[in-house]
Amino acid sequence: DDWVLLRTVRRVTSLWWPFTHNDLGQPSGSGHFYRPLWVLWNRAVYDVSHSPAFAHVANLVLFGIVCAEVALLVRRIAGNRAAAIAGVTVAVFPSHGESVAWISGNTDILAVALALPAVLLALGARRSIGRDVAIAALTALAVLAKEIATVLPVLTAILLLVGAAGSPTLRRPGYWRPVLVMLAIVVLVLIPRSLVIGGIGGYGGQAVTPARAGGALASFILGGLSAPQLSLLQHPVLLLVPACVLVLLAAGLYRAWRGRSGLSERLALAGGAWFLVALILVLNQPLNLNTRNGDRLLLLPSIGLAIAAGALIARARLRAVVAGWAVVALACAVSCVLGALDWRTAGAESRRLLAEIERLAPPHAHLIALSLPTDYRSAHLYPDALDLAVSESGRPDVTFVGCMPVQVLSLRPRQVVFVPLPLGLWFGRTTTRAPFEVPVLGSSAPSSSAACQFGPAPDQPSETLGTALRALVSPSPAVANAIPIYFDGRDMRRAP
């Protein structure tokens with residue numbers, strides 16, 4: 001379900017090849033991300049079976065390992081009851097759909113699955129050269145899977161502080177040694193990373209500013225405490241759900257801070273610190289509360305929430321508290337199933353839309369899609385890769401340019417229409433069930449590519465934050481002879 005990843009794994013020629021290219025398969029100096037272990041993992045999955053179903057099963061297995069590791073981690077500090085609660089909380093956390101259901105989302109699962117054993121060794125194993133070597137190896141593998149693991153030394157230090165305060169056996173001489181080992185490995189891995197991708201890397205043009213970082217933090221907090229099926233920005237009343245959860249968490253943490261500083265209280269505060277620290281590296285990429293693009297970035301931070309939940313709920317003396325958590329966990333499990341069904345629908349629609357595009361395109365055609373679906377509810381269709389999908393699916397003779405992105409909430413035909421205007425402009429109109437996506441924290445100017453500019457119409461009335469119902473699309477004069485098509489809310493059609 002990700003043609004960009006498929007192209008990359010097909011390019012792998014040796015075990016060393018991913019270490020000299022970025023995650024898109026581009027040579028040194030091309031920017032983006034450096035994730036050679038993730039590329040090798042997906043190449044191995046692809047070699048075992050070309051079937052996407054096998055890749056999805058591999059994702060589920062990895063995610064199951066992560067849930068078990070979280071339970072073991074909490075058990076080491078807070079006991080069996082807190083461990084069970086934390087493990088279940090991670091397992092049913094609704095925002096994990098993008099990491100588990102989207103094949104490319106497994107970069108977070110792989111990195112976390114490798115990082116947590118390093119933390120476990122730091123907390124429990126006796127100090128030895130062998131332990132340090134194992135911690136170093138796991139840390140290196142995690143960072144080579146995804147750069148989010150560079151915060152691993154800080155996360156480990158947080159839990160070591162909690163464990164050392166409550167356990168004299170853990171507060172032995174040299175108990176900080178694992179943190180220093182991790183930090184040294186992170187620095188070493190960052191050297192080849194910067195050399196291969198030519199600098200810091202990341203998504204281009206997304207500098208961290210106070211407004212962007214604050215908006216990103218707010219988006220992740222709101223998104224992490226709500227189900228992806230709840231369209232928060234389209235129905236603002238649903239913001240009461242994360243608001244109530246935040247109030248309850250804040251009340252619990254305040255009581256823990258003001259009360260006797262026991263292990264459960266310290267662990268709850270440590271979980272909150274874990275959540276915030278794990279978000280530091282992604283504060284230039286806000287969570288899209290309309291499409292949920294970015295949910296995968298919540299995987300590592302959510303472990304902090306699970307740790308806090310395990311500590312607070314396990315300590316509760318009232319059975320009603322545990323019963324309430326069980327009801328919420330069940331509701332979250334249902335949300336996960338509903339999210340999985342959305343991804344299944346998105347996969348079927350992706351294949352159908354590809355077939356429609358192939359029927360619309362004569363041999364050696366150049367197509368320009370005035371509108372194209374990038375998301376079906378919280379599931380992705382073709383984010384930034386429909387052109388590659390057309391080429392790789394059997395029509396390399398067809399060139400393709402996409403313009404205005406559409407988020408599909410319900411598949412209905414004729415929701416989107418386009419009318420030609422003078423000077424090569426197109427005026428688009430849609431409904432609230434298939435709104436156009438527009439930037440929020442980026443530039444206020446229309447989004448653009450080399451072949452197309454697009455944005456909300458000048459007289460656009462106030463609509464949901466991040467969406468528009470009317471838009472202007474301006475294809476480049478260089479593609480004036482291209483065949484215009486558009487997504488109408490369900491099907492691809494020729495433009496009038």
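Visitor: In strand 12, which residue is the bridge partner of Y486?

Guide: Two strands count as paired if DSSP finds at least two bridges between them. Helices (H or I, at least four residues) and strands (E, at least two) are DSSP runs, numbered from the N terminus. Here the bridge partner of Y486 in strand 12 is R493. Strand 11 and strand 12 run antiparallel and are joined by 3 bridges. The model is predicted: local features need pLDDT of at least 70, side-chain atom pairs count only at pLDDT 80 or more, and totals for chains, interfaces and linings use all residues. Residues are numbered from 1 along each chain as its sequence is written, and side-chain values use heavy atoms, with hydrogens and water left out.

Visitor: How many residues lie between the strands in that hairpin, and which residue takes a positive phi?

Guide: The hairpin of strand 11 and strand 12 has 4 residues between the strands, and G489 takes a positive phi near 110°.

Visitor: In which sense do strand 1 and strand 11 pair?

Guide: Strand 1 (residues 366-376) pairs with strand 11 in the parallel sense, over 3 bridges.

Visitor: How is a salt bridge read, and how many does the structure hold?

Guide: Side chains of opposite charge can pair when their charged atoms come close. The criterion is a side-chain nitrogen of Lys or Arg within 4 Å of a carboxyl oxygen of Asp or Glu. The structure holds 16 salt bridges. One of them joins R35 and E147, at 2.5 Å from N to O. R35 lies in the loop between helix 1 (3-11) and helix 2 (36-48) and E147 in the loop between helix 7 (129-145) and helix 8 (152-166), so this pair ties together parts that are 112 residues apart in sequence. Both R35 and E147 are buried.

Visitor: Over the face of which residue does R35 lie?

Guide: A charge sits over a ring if NZ of Lys or CZ of Arg is within 6 Å of the ring centre and within 35 degrees of the ring normal. R35 lies over the face of F33, at 4.1 Å from the ring centre.

Visitor: Which residue forms a salt bridge with R352?

Guide: The partner of R352 is D491, with the closest N and O atoms 2.7 Å apart. R352 is in helix 14 (residues 319-360) and D491 in the loop between strand 11 (483-487) and strand 12 (492-494), so the pair ties together parts that are 139 residues apart in sequence. D491 is buried, with a relative accessible area of 12%. A network of salt bridges links E349, R352, E356, R490 and D491.

Visitor: How many aromatic pairs are there?

Guide: Rings of Phe, Tyr and Trp (its six-membered ring) pair if their centres lie within 6.5 Å; planes under 30 degrees apart count as stacked, over 60 as edge-to-face and the rest as tilted. The count comes to 3 aromatic pairs. The rings of W16 and F19 have centres 5.6 Å apart and planes at 15°, so this pair is stacked. W16 is exposed, at 59% relative accessibility. F418, F436 and Y486 form one aromatic cluster.

Key
Buried means under 20% relative accessible area, exposed over 50%, partly exposed in between (1.4 Å probe, protein chains only).
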